[in-house]
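Welcome! Take a moment to look over the sequence and the 3D view, and then we will walk through some of the features together.

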Amino acid sequence: MNTGTLGISAEEGLDISGVLYNYTAVKNVVDDFTVTIENDKVGGGYVFQEEHDWDGKHGMKIQNLIPLPYTPIEQFGDGRIRGTGEGSIEDVTILYMYRWDECRNPQNNENCAGYIPPMPKIPKIEIYDALEDEYVAEALEETDRELIDDEEKNNESNKEDEEKERLEIALASSGNALTIATGISQSFILQAMNKATNIKSYYDATIPSYIYKDTITLQDKDIVDNRLIFRSLSQDKLMNEMIEEQYK
């Protein structure tokens, strides 16, 4: 008896009250054949055992019920259907009827009387051991004196290189200073030459001023109005009045 056979979890609190089965016996009439349905009992013997004698009978389908008193699941071992003699068993179905007493074991449900809360799961705490750390072990290893001497020599060589580099920068700065000073002195010389020759006078120019009088005179003293202009203006006025009349 297991979870796969019952279809539910085989736990404490499950009682079996009967077994319903059916099968088909396949045989010839003259052949001797026996079918046995049984379930082992834990500790020895059988919880139930039923035997069908098919000697001298035609094979056929049979269905039957084996009633049982409420029997705890803990008493059930392996169950089987087997045949003895000339024949075979086909289309087998075996069903166990049961009831579930959830509180037979109070630990099945926290609502049952006598339920004891389980101990909380204590997480595993890993303790750090510094002596097992490879980096710590490497730091604690004895230092090779030759490596230290080589490192000091390298540091002294680097200092000498830095001093040479500083000296080169200083010399280069002195050369740049001389070049700048030479350029400034040349600029002062050009300014002195300009003052001596007074080049500005070559750019000054004087433009003489003259008065130009009008020479045109009018023949007629009075200016006569143009009549054509008046006629045109009167026509324009008339046109505007006609247009305004259309929108009134």
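Which side chain meets Glu38 in a salt bridge? Keep this question in mind while you find your way around, and remember that the model is predicted.

## A pair of opposite charges

The partner is Arg80: its side chain and that of Glu38 meet in a salt bridge, with 2.8 Å from N to O. Glu38 belongs to strand β2 and Arg80 to strand β5, so this pair ties together parts that lie 42 residues apart in sequence.

Side chains of opposite charge can pair when their charged atoms come close.

Now look at the strands themselves. An open sheet is built from three strands in the order β3-β2-β5, with antiparallel pairing. At its edges are β3 (46–53) and β5 (76–85), each of which pairs on one side only. From one strand to the next, the twist averages 5°.

Strand β2 covers residues 33–41, and eight bridges join it to β5, the two running antiparallel. To see how the strands line up, find Lys41: opposite this residue stands Phe76 in β5.

## Another three-stranded sheet

There is also an open sheet with the order β4-β1-β6, and here too three strands pair in antiparallel fashion. The edge positions belong to β4 (61–72) and β6 (88–100); each has a single partner strand, so one side of each is left without a neighbour in the sheet. Neighbouring strands in this sheet are turned by 15° against each other on average, direction ignored.

Strand β1 spans residues 14–26 and is joined to β6 by eleven bridges, again with the two strands running antiparallel. A handy landmark is Leu14, which stands opposite Trp100 in β6.

## A negative patch on the surface

Finally, move along the chain to a group of charged residues. Which residues gather in a patch of negative charge on the surface? They are Glu156, Glu160, Asp161, Glu162, Glu163, Glu165 and Glu168. To place one of them, Glu165 sits in helix α3, which covers residues 145–197.

Technical notes. Residues numbered from 1 in each chain as written. Predicted model: local features only at pLDDT ≥ 70, side-chain atom pairs only at ≥ 80, totals over all residues. Heavy atoms only, no water. Patch = residues over 30% accessible without salt bridge, like charges linked within 9 Å, V, L, I, M, F, W, Y side chains within 5 Å. Areas by Shrake-Rupley, 256 points an atom, 1.4 Å probe, with all protein chains shown as cover. Salt bridge = Lys/Arg side-chain N within 4 Å of Asp/Glu carboxyl O. Lys, Arg positive; Asp, Glu negative; His and termini not counted. Charge placed at Lys NZ, Arg CZ, Asp CG, Glu CD. Helix = DSSP H or I, 4+ residues; strand = E, 2+ residues; numbered from the N terminus. Pairing = 2+ DSSP bridges. Axes fitted to C-alpha atoms, helices over the stretch in contact; angles between N-to-C directions.
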